[in-house]
Amino acid sequence: MYSEIQRERAEIGGLMARPEYREWNPELIKPKKLLNPVKASRTHQEMHRELLMNHRRGLGVDSKPELQRVLEHRRRNQLIKKKKEELEAKRLQCPFEQELLRRQQRLNQLEKPPEKEEDHAPEFIKVRENLRRITTLTSGERAL
């Protein structure tokens with residue numbers, strides 16, 4: 001069976017035109033096989049060497065470095081959070097919930113302005129008011 005395959009190949013080879021450079025002619029320069037620039041590069045050789053060493057040690061090629069796994073985990077979590085926020089936003093599209101949200105915001109705004117006015121006052125005014133309170137308290141204690 002193997003000999004039959006060889007005969008077929010020989011017949012096919014006979015049909016193909018042979019290049020003239022195979023015949024020895026002293027006037028022609030024999031072509032050399034070109035080097036693959038990727039395989040000749042130092043980084044490719046180092047990577048190949050590292051892959052072989054990892055294979056011999058039994059380390060999986062599919063296993064990823066820890067940093068890459070952590071980054072992928074973070075990206076996945078961010079996508080999940082983003083989807084949850086989008087679902088929450090869609091859920092709040094109901095008119096009743098929108099009205100409740102508006103009322104809650106109005107109530108919060110009504111409660112916050114007095115606190116904000118005190119916070120924006122300059123420090124020397126705050127200190128002066130504290131001193132007035134202290135002096136009124138001490139004078140009230142003296143009267144007793």
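These are my notebook entries on one predicted protein model.

**Entry 1: overall fold**

I began with the secondary structure of the protein chain. I counted six helices and zero strands. Reading along the sequence, I noted the pattern α-α-α-α-α-α.

**Entry 2: burial and surface**

I next asked what share of the residues in the protein chain is buried. Of the 144 residues, buried ones make up 1%.

**Entry 3: salt bridges**

I turned to charged pairs. Side chains of opposite charge can pair when their charged atoms come close. How many salt bridges does the structure hold? I recorded two.

In one of them, the side chain of Arg102 meets that of Glu99, with an N to O distance of 3.2 Å. I located both residues in helix H5, which covers residues 95-120. Arg102 and Glu99 are three residues apart there, about one turn of the helix.

I also recorded a salt bridge between the side chains of Arg103 and Glu99, at 3.7 Å from N to O. Arg103 and Glu99 again both lie in helix H5, four residues apart, which is about one turn of the helix. Which residues do the shared partners join into one network? I noted Glu99, Arg102 and Arg103.

**Entry 4: exposure of the paired residues**

Glu99, with a relative accessible area of 27%, is partly exposed.

**Entry 5: nonpolar surface patch**

Finally, I looked for nonpolar side chains on the surface. Which residues form a nonpolar patch there? I found Val127, Leu131 and Ile134. Together these residues have about 270 Å² of accessible area. I placed Leu131 in helix H6, which covers residues 123-143.

Methods: Residues numbered from 1 in each chain as written. Predicted model: local features only at pLDDT ≥ 70, side-chain atom pairs only at ≥ 80, totals over all residues. Heavy atoms only, no water. Patch = residues over 30% accessible without salt bridge, like charges linked within 9 Å, V, L, I, M, F, W, Y side chains within 5 Å. Areas by Shrake-Rupley, 256 points an atom, 1.4 Å probe, with all protein chains shown as cover. Salt bridge = Lys/Arg side-chain N within 4 Å of Asp/Glu carboxyl O. Helix = DSSP H or I, 4+ residues; strand = E, 2+ residues; numbered from the N terminus. Buried < 20%, exposed > 50% of the residue type's maximum accessible area, 1.4 Å probe, protein only.
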